[in-house]
Amino acid sequence: DAINDPNIRVVAQIAPAVRIAIGDKFGIPKGENSFNKLVTALRMMGFDHVYDTNFGADLTVIEESKELAERLMTGENLPLFTSCCPAWVKYCETKHPEFAGNISTCRSPQGMLSAVIKEYFAKKDAEENKKTYVVSIMPCTAKKDEKERDQMQKDGIKDVDAVLTTRELARMIKRAGILFTRLPDEEFDQDL
């Protein structure tokens with residue numbers, strides 16, 4: 001519905017593992033990078049912008065490095081555990097709550113990039129009377145749960161509006177009648 005609404009800017013972000021796994025669904029040899037064909041397919045389906053989650057991963061590394069340096073200075077809550085995997089975070093919180101304080105307070109790459117995307121388009125949205133809708137394309141269903149966490153919103157507005165797994169996206173591409181292996185290669189957006 002969001003793709004078909006002219007008042008919604010639909011933005012995708014693609015996790016690194018998806019660029020390889022998506023090819024498996026279309027008979028592309030294992031391990032072959034299909035990222036540029038995936039960018040083309042998303043644009044053909046109506047996505048307005050397509051970004052690489054690697055940028056969010058870079059932001060997470062920078063912030064977690066700062067957090068580690070601060071913790072090493074104080075000696076508190078060590079060792080530092082990454083917050084990148086929501087399945088790991090949930091496991092730690094429920095099965096080993098004594099280590100919850102050791103989990104980084106940084107958002108995952110999905111969370112970092114989604115927040116940047118929403119902030120980046122906020123002024124444009126106001127000028128154009130649009131809403132930005134962020135779709136994360138992730139290899140793990142735990143990312144669906146992560147998008148619902150309180151840390152993944154600002155002022156009651158979610159940073160991630162939808163999460164698609166590699167399988168779900170492959171089904172969308174097939175339903176759209178796109179011949180994935182024949183697609184030309186396009187580059188992801190780099191304007192953030």
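This is a predicted model: local features need pLDDT of at least 70, side-chain atom pairs count only at pLDDT 80 or more; totals for chains, interfaces and linings use all residues.
**Stop 1: α2 and α7**

Select residues 35-45, helix α2, together with residues 166-175, helix α7. The two axes come within 11 Å and cross at roughly 60°, so α2 is oblique to α7. The crossing of α2 past α7 is left-handed.

Now show side chains. On α2, the contact is made by Leu 38, Ala 41, Leu 42 and Met 45; on α7, by Leu 169, Met 172 and Ile 173. Colour these residues by class: seven are nonpolar, none is polar and none is charged.

**Stop 2: α3 and α5**

Next select helix α3, residues 54-74, and α5, residues 109-128. The axes of α3 and α5 are 7 Å apart and the angle is about 110°, which means that α3 is roughly perpendicular to α5.

The α3 side of this contact consists of Phe 55, Gly 56, Ala 57, Leu 59, Thr 60 and Glu 63. Facing them in α5 are Pro 109, Met 112, Leu 113 and Val 116. Colouring by class gives seven nonpolar, two polar and one charged residues for the contact of α3 with α5.

**Stop 3: the largest pocket**

To display the lining, pick Arg 107, Ala 115, Lys 118, Glu 119, Ala 122, Asp 125, Lys 131, Thr 132, Lys 154, Asp 155, Ile 157 and Asp 159.

Which element gives the largest share of this lining? It is α5, with five residues. The elements that contribute two or more residues are α5 and β3, the latter spanning 131-138. By class, eight of the lining residues are charged, three are nonpolar and one is polar.

**Stop 4: the second largest pocket**

Finally, move to the second largest pocket, with a volume of about 240 Å³. To centre the view, select Ser 83, Ser 104, Cys 106, Arg 149 and Gln 151, which lie nearest the centre of this pocket among its 15 lining residues.

The classes here are six nonpolar, five polar and four charged residues.

Notes:
Residues are numbered from 1 along each chain as its sequence is written. Side-chain values use heavy atoms; hydrogens and water are left out. Axes are lines fitted to C-alpha atoms, for helices over the stretch in contact, and angles run from 0 to 180 degrees between N-to-C directions. Helices (H or I, at least four residues) and strands (E, at least two) are DSSP runs, numbered from the N terminus. Angles under 35 degrees count as roughly parallel, over 145 as roughly antiparallel, 65 to 115 as roughly perpendicular and the rest as oblique. A crossing is left-handed if the near helix is turned anticlockwise from the far one by less than a right angle, and right-handed if clockwise. Contact means heavy atoms within 4.5 Å. Ala, Val, Leu, Ile, Met, Phe, Trp, Tyr, Cys and Pro count as nonpolar, Asp, Glu, Lys and Arg as charged, and the others, Gly among them, as polar. On a 1 Å grid over the protein atoms alone, a cavity is a set of points where a 1.4 Å probe fits but cannot get out, and a pocket is an open set with protein on both sides within 12 Å along at least five of seven lines; lining residues have an atom within 4 Å of a point. Grid points are joined across faces, edges and corners, and a volume is the space filled by probe spheres set on the points.
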